[in-house]
Each structure stands twice: as C-alpha cells, then as structure tokens.
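Please study the sequence and the model before reading each solution.

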Amino acid sequence: MKQLTVALAFALLALPALSSAQTMFRFPASQLADQCGNGGCTVSAYKDYGGRDYACGGVRYSGHTGTDYALVGGFSKMDYGVWAMNAARGYIESNVDGYYDRCNYWNQSNPYAACGLYTANYIIMRHPDNTQTWYWHLKAYTQQFARGTSLDCAYWIARVGSSGASTGPHLHFEYWVPGYGTDDPYAGSCGTPYTRWTSQGAYRGLPGIACQ
C-alpha cells in the first residue's frame with residue numbers, strides 16, 4: 001500500500017498544471033469613474049447559446065459570438081472617449097484601422113461598405129496560452145500600438161467606437177481558442193462551466209479589473 005501511495009503521489013506531480021497555464025482576463029475597458037465606472041458601460045448582449053445566454057437569460061441576439069459592452073450615453077460618451085484595454089498579457093497579432101466609426105445600423109446589402117460586416121476597426125491579441133481576444137468596432141485612428149507590439153495586461157489600446165456592423169457605440173469582446181473557435185469567458189448553467197475572468201462578477205454587471 002505504501003508503494004502504491006508513493007506511486008500515486010509521483011503520478012499526480014507529473015500531471016500538467018493546466019489551470020496555471022490558462023490565460024485569465026480582466027474587464028476589457030477602463031473602469032475609471034468617467035469611463036465604464038459608475039454605470040458608464042453596460043452589457044447589451046452576451047454570446048448566444050441557441051436562444052439563451054450563459055446564465056439561461058435572454059441578453060443575446062441570434063448568432064452573437066461575443067459580449068457587447070455598450071456605452072451609456074451613446075455617441076456623446078464615445079466622443080468624450082472611453083478606452084478599450086487589453087484583457088491579458090500578449091501581443092497584437094492583427095489590427096485594422098481607419099474605417100467610418102459612427103454607425104447606427106448594420107449595412108447588410110454591402111459588407112464592404114461603411115457599417116458593413118467587414119469594415120470594423122479592430123485589434124486581435126494573442127496570449128501566452130495561444131488563445132486570442134478580439135476587440136471590435138473601435139473608434140478610428142485611436143489605436144495606440146502597432147501590430148507585433150507585446151503588452152502586459154491592462155494597457156489603453158484604442159477607444160471604443162461604432163465602426164462596422166454596429167447599431168451604436170460599444171465594444172465587442174470575443175475570446176477565441178485554437179482548434180475550437182469562439183468560446184465564452186463567462187461560466188454559467190447554460191454555457192461553459194469554467195470562467196476565464198479573474199473575477200466574473202454578477203449577471204449584467206461588469207467583470208473585475210484585476211490582472212492575472
């Protein structure tokens with residue numbers, strides 16, 4: 001029995017520490033008092049799970065693949081300026097800038113025209129565990145770093161806007177896993193059992209701002 005116990009102990013030590021290797025996220029925008037703090041931002045849509053969000057609620061729309069954080073105050077809040085922030089350490093793998101950023105509808109007739117599906121300003125970050133985070137609908141000409149730049153967690157990377165297929169100023173935040181595709185950082189009974197937030201927070205509330 002003693003030999004078996006020792007063998008099991010060594011086997012457990014040999015298991016990979018998967019959780020420690022996983023990238024965890026902070027809220028992907030500034031929560032300063034004049035930004036998303038004090039009710040300045042709100043969740044307008046979660047990832048869609050076939051008619052439900054991760055918590056079995058209805059804060060989603062059909063086919064939505066990420067989480068939308070809307071600016072309370074709309075375009076006036078956007079003009080004041082709210083910063084999107086990288087949710088974890090990584091590097092800028094891809095970005096697009098310069099598209100029209102005051103969209104209030106989705107131009108479905110031409111995806112390459114202003115307010116179309118393919119005309120959003122965005123940043124894609126690659127993280128140490130090879131996952132990505134996507135920051136979509138950014139304000140034009142506010143991106144602070146070039147492609148390939150490595151960043152620690154929580155830099156101001158661009159301002160929230162309304163470019164591409166957007167009905168109003170908001171940040172679309174999306175989490176992508178290689179070999180799987182889009183996943184959800186929120187844990188809930190109708191979604192994934194594992195959160196990727198350092199502090200998920202309450203339903204319809206904002207995640208915490210602590211970095212991993």
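**Exercise 1: Surface and charge**

Describe the accessible surface of the protein chain and the placement of its charges.

Solution. In this predicted model, the accessible surface of the protein chain comes to about 10400 Å². Carbon and sulfur atoms hold 56% of that surface. Next, consider the charges: the chain has 14 positive and 13 negative ones, and their mean positions lie 4 Å apart.

**Exercise 2: Elements and overall form**

Solution. From the N terminus on, their order is α-α-β-β-α-β-β-β-β-β-β-β-β. Step three: of the contacts with a separation of 6 or more, 68% join residues 24 or more positions apart.

**Exercise 3: The interior**

Which residues have the most contacts inside the largest nonpolar core, and which element gives the most to this core?

Solution. Begin with burial: 48% of the 212 residues are buried. The largest nonpolar core has 32 residues, and Tyr69, Ile123 and Tyr135 have the most contacts inside it. Strands E1, E2, E5, E8 and E9 each give two or more residues to this core. E9 gives the most, with 4 residues. A second, separate core of 5 residues includes Tyr122, Ile124, Trp134 and Trp136. Finally, examine tyrosine 69: beyond its neighbours within four places in sequence, its contacts include Phe27, Val43, Phe173 and Trp197.

Methods. Residues are numbered from 1 along each chain as its sequence is written. This is a predicted model: local features need pLDDT of at least 70, side-chain atom pairs count only at pLDDT 80 or more; totals for chains, interfaces and linings use all residues. Side-chain values use heavy atoms; hydrogens and water are left out. Buried means under 20% relative accessible area, exposed over 50%, partly exposed in between (1.4 Å probe, protein chains only). Contact means heavy atoms within 4.5 Å. Accessible areas come from the Shrake-Rupley method with a 1.4 Å probe; for residues, only the protein chains shown count as cover. Lys and Arg count as positive and Asp and Glu as negative; His and the chain ends are not counted. The place of a charge is taken as NZ of Lys, CZ of Arg, CG of Asp or CD of Glu. A nonpolar core is a set of buried Ala, Val, Leu, Ile, Met, Phe, Trp, Tyr and Cys residues joined through side-chain atoms within 4.5 Å.
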